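Please read the following report alongside the sequence and the model. It treats a helix pair and a sheet in turn.

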Amino acid sequence: KTACQEENDTTAKNKCNFVKSTCKMYIHMILLAYQLEAQFRMSALSMRIIHAEKHRKEEDPMRYFIVASHGPLSTAILESASLIAGKETFRNFRAIYVTMQDSPENIRQTVDNCMVDFPEEAEIIALTDVFGGSVTNILTEYIQSRNLHIVTGMNLGMVIDAGFSGVETSTEELIEALIHTGQRGIRCVNSEIDNNELEDEI
């Protein structure tokens, strides 16, 4: 009876040890699984951060554009350009306009609100409607504090060309090209038809 009891005790102890070792093994496996999952999540998060940063660098240009006018011309011309070339082409554009009721302080506030969208080091080209106008004059005040260039006499062709321009084009070359586009777009169609100068363009 004693031998039988000792055998039962040994068997129970062995079962107990087996259960303990099995539990430890499962706990170890669960902890390992959690560690692997945590590492996977951190790795995935790191990849997302790297991808987002790369995407931001590719998608966020260092050159931005302001289209500015008296009245909603700037908004309308940007909408027209987007209709022709697609909204994505003008993702780095902002339109602002002023009214007869706007004081110089209000115009400056409008410009300030627009500038907030651009990084401090960004190059900004402003296309305005008329030289000597209030919105152009206010923008001129920002030339010293921001990397700002102002081109007046904007038209739809200039806005479209600006949208298609790349950062590989120098500022001087782009401004010269925009001025050329603006001037070239002012044509008397009747005269050029009479002179047969539009045959290759129409």
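## Helix 5 and helix 6

At what angle do helix 5 and helix 6 pack, and how far apart are their axes? In this predicted model, where local features need pLDDT of at least 70, side-chain atom pairs count only at pLDDT 80 or more, and totals for chains, interfaces and linings use all residues, the answer follows below. Residues are numbered from 1 along each chain as its sequence is written, and side-chain values use heavy atoms, with hydrogens and water left out.

Helix 5 (residues 156-164) packs on helix 6 (residues 171-184) at an angle of about 150 degrees, the axes lying 8 Å apart; helices are DSSP runs of H or I with at least four residues, strands runs of E with at least two, numbered from the N terminus, while axes are lines fitted to C-alpha atoms, for helices over the stretch in contact, and angles run from 0 to 180 degrees between N-to-C directions. The two helices are therefore roughly antiparallel (a term for angles over 145 degrees). Contact, meaning heavy atoms within 4.5 Å, involves G157, M158, D161 and A162 of helix 5 and L178, T181 and G182 of helix 6.

Four strands, paired in parallel, form an open sheet in the order 2-1-3-4; two strands pair if DSSP finds at least two bridges between them. Strand 2 (93-98) and strand 4 (147-151) are at the edges with a single partner strand each, so one side of each has no neighbour in the sheet. The twist from one strand to the next averages 20 degrees.

Strand 3 (residues 123-128) pairs with strand 4 in the parallel sense over five bridges, and I125 has H149 of strand 4 as its bridge partner.

Note on methods
Parallel < 35°, antiparallel > 145°, perpendicular 65-115°, else oblique.
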